[in-house]
Amino acid sequence: LIVGVLIAELILAVLIGLYLALKLEDRLKQLAQAIDSVASGEALTVLPEQGPEEIRSVLHAFNTMVERLQASQEARRQLLANLVHELGRPMGALHSAIRALLNGADDDPALRRELLSGMDAQVERLKPLIDNLAELHGQIVGTLELERRPTEVGEWLTQTLAPWRAAAEEKGLRWQMTMPDALPVLNMDPARMAQVMGNLFSNAIKYTPSGGDVTIEAGADSAEAWIRVRDSGIGIAAEDQARIFSPFYRGPQFQRFPQGMGLGLTIARDLVRLHGGRLDVQSQPGAGSRFTVYLPLNGS
């Protein structure tokens, strides 16, 4: 009886081991096939995370890679669509003006000057796009460097604000600025930080309807200085507030405004991080947005 029980248990153990081995082999074959599919450029597929802990860990790592590849593909598709959209408008306008000049419009000095002025304006609109793409490329390949120097924040901020205040008032916005008489001297790249603030000012003006408010506040404590840009515009939904810093992302509320590729906030956040600081956002749909740049006093 004992020998019979032992033989039965041995047979049962062999059968269970064979079953588990076959299941494990099946999982590994699925994983190998999925990896081959990724390598050959076929559709990306997320695999069910089942099996022993070690296999689940490998499958989880594979699924994470697939999700990142899917996000990268979506970003590339969005980049292409945005490039076509952003380049198409000025290129179409330039082509129309060139055709008009070739067809005799240059015989009229006034019309020729008007067309050339329009062409110049279209080229100026292309420059920020090229600058943003060059900035993003520099960050990707790791060539972006800061040219830090001691900068008095109050004086620098006043100079940086001047053209944006004029743009806000031209749109019919109420422009307010609040900051103490003395702000600290920071070791920063003033040109790069002016680019950061320019992106924030531009968005505040763009997404705030005429008659609204744009408020600039600045201050400092014992550890860091801060600059806040507040507006009474369309606001940002809670689910979009983390995603607005992703390259090429444009939420539904931003799609009402066709200009831009969704790169400004990405670049602004990355430049602030290069300075050792952070960029925070607080917003509610219909109640405006508040972006705050924090920079450490002991930045190096």
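Modeller: Helices are DSSP runs in state H or I of at least four residues, strands are DSSP runs in state E of at least two, and both are numbered from the N terminus. The model discussed here is predicted.

Colleague: Which pattern does the chain follow when read along the sequence?

Modeller: The chain holds six helices and seven strands. Taken in sequence order, these elements give the pattern α-α-α-β-α-β-β-α-β-β-α-β-β.

Colleague: What percentage of the contacts in the chain with a separation of 6 or more is accounted for by residues 24 or more positions apart?

Modeller: Of the 300 residues in the chain, 37% are buried. Among contacts with a separation of 6 or more, the share from residues 24 or more positions apart is 67%.

Colleague: At what angle do helix 5 and helix 6 pack?

Modeller: Helix 5 spans residues 190-206 and helix 6 spans residues 264-274. Their axes lie 9 Å apart, and the packing angle is about 145°.

Colleague: Is the crossing of helix 5 and helix 6 left-handed or right-handed?

Modeller: On the helix 5 side, the contact is made by Arg-192, Met-193, Gln-195, Val-196, Asn-199, Leu-200 and Asn-203. Helix 6 contributes Gly-264, Leu-265, Ile-267, Ala-268, Leu-271 and Val-272. These contact residues divide into eight nonpolar, four polar and one charged. The crossing of the two helices is left-handed.

Colleague: Why is helix 6 described as largely enclosed by the rest of the structure, and how many of its residues are buried?

Modeller: A residue counts as buried when its relative accessible area is under 20%. In helix 6, Gly-264, Leu-265, Thr-266, Ile-267, Ala-268, Arg-269, Asp-270, Leu-271 and Val-272 are buried. Helix 6 is therefore largely enclosed by the rest of the structure, the buried count among its 11 residues being nine.

Colleague: Which residue just after helix 6 takes a positive phi?

Modeller: The phi angle in question is about 85°. The residue that takes this positive value, just after helix 6, is Gly-276.

Colleague: With which residue does Asp-270 form a salt bridge?

Modeller: Asp-270 has a relative accessibility of 18% and counts as buried. The closest N and O atoms of its salt bridge are 3.1 Å apart, and the partner is Arg-269.

Colleague: By about how much of a helix are Arg-165 and Glu-169 separated?

Modeller: Arg-165 and Glu-169 form a salt bridge, with the closest N and O atoms 3.1 Å apart. Both count as partly exposed, Arg-165 at 42% relative accessibility and Glu-169 at 45%. An α-helix has 3.6 residues a turn, so residues three or four places apart point the same way. Because Arg-165 and Glu-169 are four residues apart in helix 4 (residues 153-171), their separation is about one helical turn.

Colleague: Which residues do salt bridges that share partners join into one network?

Modeller: A search of the whole structure finds seven salt bridges. One of the pairs is Arg-278 with Asp-280, at 3.4 Å between the closest N and O atoms; Arg-278 is partly exposed at 37%, and Asp-280 is partly exposed at 32%. Salt bridges with shared partners form one network of Glu-217, Arg-228 and Arg-230.

Colleague: Leaving aside its neighbours within four places in sequence, with which residues is Pro-90 in contact?

Modeller: Pro-90 is found in helix 2 (residues 53-102) and counts as buried at 6% relative accessibility. Its C-alpha is 8.4 Å from that of Met-119, a residue 29 positions away in sequence. Beyond neighbours within four places, the contacts of Pro-90 are Gln-122 and Leu-126.

Colleague: Is Ala-105 buried or exposed?

Modeller: Ala-105 lies in the loop between helix 2 and helix 3 (109-141). Beyond neighbours within four places in sequence, Ala-105 is in contact with Ala-100, Leu-111, Arg-112 and Leu-115. The C-alpha atoms of Ala-105 and Leu-115 are 8.6 Å apart. With a relative accessible area of 9%, Ala-105 is buried.

Terms used: Residues numbered from 1 in each chain as written. Predicted model: local features only at pLDDT ≥ 70, side-chain atom pairs only at ≥ 80, totals over all residues. Heavy atoms only, no water. Axes fitted to C-alpha atoms, helices over the stretch in contact; angles between N-to-C directions. Left-handed = near helix turned anticlockwise from the far one by under 90°. Contact = heavy atoms within 4.5 Å. Nonpolar A, V, L, I, M, F, W, Y, C, P; charged D, E, K, R; others polar. Buried < 20%, exposed > 50% of the residue type's maximum accessible area, 1.4 Å probe, protein only. Salt bridge = Lys/Arg side-chain N within 4 Å of Asp/Glu carboxyl O.
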